[in-house]
Amino acid sequence: MAWFEMSAAPQARKPLEAMWAVCSSCKAHVPHEEWHAALRVCPRCNYHDRLSCRERIELVTDAGSFQELNGRITFADPLKFEDASGPYAAKAKGAVAKTGLNEAIVTGTAKIDSLAVVLGVMDFRFLGGSLGSGTGDRILLAAEEALRTRRPYIIFSASGGARMHEGIVSLMQMARTCAAIAKLQEAGLPYISVLTDPTTGGVSASYAMVGDINISEPRALVGFAGRRVIEQTIKQKLPDDFQTAEYVLEHGFIDHIVERKAMKAFLANTLRYAGVK
Ligand SMILES: [Zn+2]
């Protein structure tokens, strides 16, 4: 076979995405092997790529220690909501089929460096990590489990905010989750909030910001309203780094930025510092 025929054979070509991971922040191409070895952190710009809840649980908990709670709780559709792009129920069922999850957060008990905790990890793939009534139920029940068993509570957030398809019911989850967490704080149990890319809207305005300590992964988008909405409202140009974890740290909204590779050790050290045994 002539060389030009060989190169034209379709089976000889590998699609680009099979060979390289592309950083969604700086567009650097990184070989998959290197990308995964770095826990999906870009070696060029330090952007911490979004992880599924299962990947994150594996990274921060002791192997085999995670036991899911309330995995059957799923979305509710109190308004029978429908917009131009179709019914909410169909979209939610699509998210269930696509992600294998029933809600935008997975909660359970786990060990982190041998310390028993209650853990909640959001997954942005499920309807943008939005906070619906099912999400709120899971967060609240996990907080009650922490209270009952006197374990610290840790939530990793990744969310675009309240799930507006559920209207006022989604907004009520902001108060419900904060009330459940306040009970932990009254009982002297630590609550750690970890913000990951992105944590915005009704989630950043509720349980993600009421931790005894609020930390973030580097370069995560952290904010409430979107940049364009704010710029149009105040009629001013915002700085380029506005709503990055680094910017909100500098302005006192979070306490610390923790690299992904150091997260597990940071959580364990913080819990031990808080007296957890
Ligand atoms: Zn990058």
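**Reading aromatic pairs and a zinc site**

Tutor: Let's start with Tyr153, whose relative accessible area of 0% makes this residue buried (under 20%; exposed is over 50%, partly exposed in between, with a 1.4 Å probe and protein chains only). This is a predicted model, where local features need pLDDT of at least 70, side-chain atom pairs count only at pLDDT 80 or more, and totals for chains, interfaces and linings use all residues. Residues are numbered from 1 along each chain as its sequence is written, and side-chain values use heavy atoms, leaving out hydrogens and water.

Student: How many aromatic pairs does a search of the whole structure find?

Tutor: Rings of Phe, Tyr and Trp (its six-membered ring) pair if their centres lie within 6.5 Å; planes under 30 degrees apart are stacked, over 60 edge-to-face, the rest tilted. Here the search finds three. One of them joins Phe75 and Tyr88, edge-to-face with 5.7 Å between centres and 70° between planes. Both Phe75 and Tyr88 are buried. Tyr153 and Tyr191 form a tilted pair, with centres 5.7 Å apart and planes at 40°. Tyr191, at 0% relative accessibility, is buried.

Student: Which residues coordinate the zinc ion?

Tutor: Donors are N, O and S atoms within 2.8 Å of the metal (3.2 Å for Na, K and Ca); water is absent, so sites may look incomplete. In this model the SG atoms of Cys23, Cys26, Cys42 and Cys45 coordinate the zinc ion at 2.2 to 2.4 Å. The spacing of these donor residues is C-x2-C-x15-C-x2-C.

Student: Why is the arrangement tetrahedral?

Tutor: Four donors qualify if all angles lie between 85 and 135 degrees. Around this zinc ion the angles are 106 to 111°, so the arrangement is tetrahedral. Cys23 is buried at 0% relative accessible area, and Cys42 is buried at 2%.

Terms used: Four donors count as tetrahedral if all angles lie between 85 and 135 degrees; four count as square planar and six as octahedral if opposite donors are over 155 degrees apart and all others between 65 and 115; anything else is irregular.
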